[in-house]
Amino acid sequence: MATSETGPDRRTSPRGVEAAAASRPRARVPIDRKRQPSGDDARERAMRAAVSVIAEKGTAALRMSDIAARAGMSTGHILYHFGKKDRLLLEVLAWSQTDLWTRFQQAADQAASPAEKLDLFVRFYLPTHQGDERYALWTQVLAQRHDEAGRRILTELLDGWDERLEAILREGRDLGHFADVDLSEFTVRAVAMLSGLSEDVMFGRSRWQHTSPHAFALSALERELRPAGQG
């Protein structure tokens with residue numbers, strides 16, 4: 001599952017923030033009830049606050065009032081957007097992934113080749129650091145028990161990453177830039193590797209303190225995708 005935001009030359013994270021900033025106490029935004037945000041702006045503020053609070057506190061101790069305080073909104077305003085806590089996690093995760101996919105697509109549209117798109121995919125998929133908020137949200141959501149509707153939403157989100165990678169692989173294969181691999185099988189293995197690397201980063205494995213997980217993953221994928229006869 002993926003979580004970070006990036007551009008062609010640098011990585012920032014809305015699926016994350018800089019590690020130093022993540023370690024500082026979060027400031028609470030004063031609430032001005034006469035100037036509550038409305039519409040899309042309010043929803044986005046509420047969603048970003050929810051991502052942050054869930055990553056910081058987990059789900060068991062989560063209160064709607066915590067999200068409201070982080071967003072600088074009233075608890076009633078938060079309840080208006082989320083309805084109830086039970087549906088909060090899935091809704092926030094779905095918003096987070098849609099937001100991330102939009103940013104990924106904007107970057108991919110500027111890429112000059114399938115190889116550049118693959119680089120972007122790996123960057124967006126992997127967490128940027130141990131405290132990456134978006135990946136922490138994924139961890140929290142997957143740890144919950146879900147009904148059939150919830151499982152269907154999670155499956156669609158997970159499949160969304162597979163579909164994006166497979167489209168990149170197909171484009172590269174059709175243009176002769178990538179080897180003629182089995183797209184479905186390669187995608188399963190690639191995403192499994194990226195998920196494992198992501199867990200390592202979030203756990204803080206020392207092996208990644210001096211080695212880039214992005215460079216490691218991209219090198220492994222490129223070796224398999226190199227067309228026969230190319231060095």
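Leaving aside neighbours within four places in sequence, which residues is Lys-117 in contact with? Lys-117 is in contact with Phe-104, Ala-108, Ala-111, Ile-168 and Glu-171, where contact means heavy atoms within 4.5 Å. This is a predicted model, in which local features need pLDDT of at least 70 and side-chain atom pairs count only at pLDDT 80 or more, while totals for chains, interfaces and linings use all residues. Residues are numbered from 1 along each chain as its sequence is written, and side-chain values use heavy atoms, with hydrogens and water left out.

**The chain as a whole**

- The protein chain contains 10 helices and two strands; helices (H or I, at least four residues) and strands (E, at least two) are DSSP runs, numbered from the N terminus.
- Read from the N terminus, the order of the elements is β-β-α-α-α-α-α-α-α-α-α-α.
- Of the 231 residues in the protein chain, 48% count as buried. Buried means under 20% relative accessible area, exposed means over 50%, and partly exposed lies in between (1.4 Å probe, protein chains only).

**Helix α6 against helix α8**

- Helix α6 (residues 114–125) packs with helix α8 (residues 148–174) at an angle of about 160 degrees, and their axes are 9 Å apart. Axes are lines fitted to C-alpha atoms, for helices over the stretch in contact, and angles run from 0 to 180 degrees between N-to-C directions.
- The two helices α6 and α8 are therefore roughly antiparallel to each other. By the rule used, angles under 35 degrees count as roughly parallel, over 145 as roughly antiparallel, 65 to 115 as roughly perpendicular and the rest as oblique.
- The crossing in which α6 passes α8 is left-handed; a crossing is left-handed if the near helix is turned anticlockwise from the far one by less than a right angle, and right-handed if clockwise.
- On the α6 side, the contact is made by Pro-114, Lys-117, Leu-118, Phe-121, Phe-124 and Tyr-125. On the α8 side, Trp-161, Arg-164, Leu-165, Ile-168, Glu-171 and Gly-172 take part.
- Sorted by class, the contact of α6 with α8 has eight nonpolar, one polar and three charged residues. Here Ala, Val, Leu, Ile, Met, Phe, Trp, Tyr, Cys and Pro count as nonpolar, Asp, Glu, Lys and Arg as charged, and the others, Gly among them, as polar.

**Helix α5 against helix α6**

- The axes of α5 and α6 come within 10 Å and cross at roughly 155 degrees.
- Helices α5 and α6 are therefore roughly antiparallel to each other, and α5 passes α6 in a right-handed crossing.
- Leu-100, Arg-103, Phe-104, Ala-107 and Ala-108 of α5 make this contact with Lys-117, Leu-120, Phe-121 and Phe-124 of α6.
- The contact of α5 with α6 has seven nonpolar, no polar and two charged residues.

**Two residues of helix α6**

- Lys-117 has its place in helix α6. The C-alpha atoms of Lys-117 and Ile-168 are separated by 6.7 Å, although these residues are 51 residues apart along the chain.
- Phe-121 is also found in helix α6, and at 0% relative accessibility Phe-121 counts as buried.
- Not counting residues up to four places away in sequence, Phe-121 touches Phe-104, Trp-161, Arg-164, Leu-165, Ile-168 and Leu-194.
- Phe-121 and Leu-165 are 44 residues apart in sequence and 7.1 Å apart in space, C-alpha to C-alpha.

**Aromatic pairs**

- The count comes to seven aromatic pairs. Rings of Phe, Tyr and Trp (its six-membered ring) pair if their centres lie within 6.5 Å; planes under 30 degrees apart count as stacked, over 60 as edge-to-face and the rest as tilted.
- Phe-104 and Phe-124 form an edge-to-face pair, with 5.5 Å centre to centre and 80 degrees between the planes. Phe-104 lies in helix α5 (residues 88–109) and Phe-124 in helix α6, 20 residues apart, and both are buried.
- Tyr-125 and Trp-161 form an edge-to-face pair, with 5.6 Å centre to centre and 80 degrees between the planes. Tyr-125 lies in helix α6 and Trp-161 in helix α8, so this pair ties together parts that are 36 residues apart in sequence. Both Tyr-125 and Trp-161 are buried.
- Ring pairs link Trp-101, Phe-104, Phe-121, Phe-124, Tyr-125 and Trp-161 into a cluster.

**Helix α3**

- Seven of the eight residues of helix α3 (residues 64–71) are buried, so α3 is largely enclosed by the rest of the structure.
- Asp-66 lies in helix α3 and is buried, with a relative accessible area of 5%.
- Just after α3, Gly-72 takes a positive phi of about 70 degrees.
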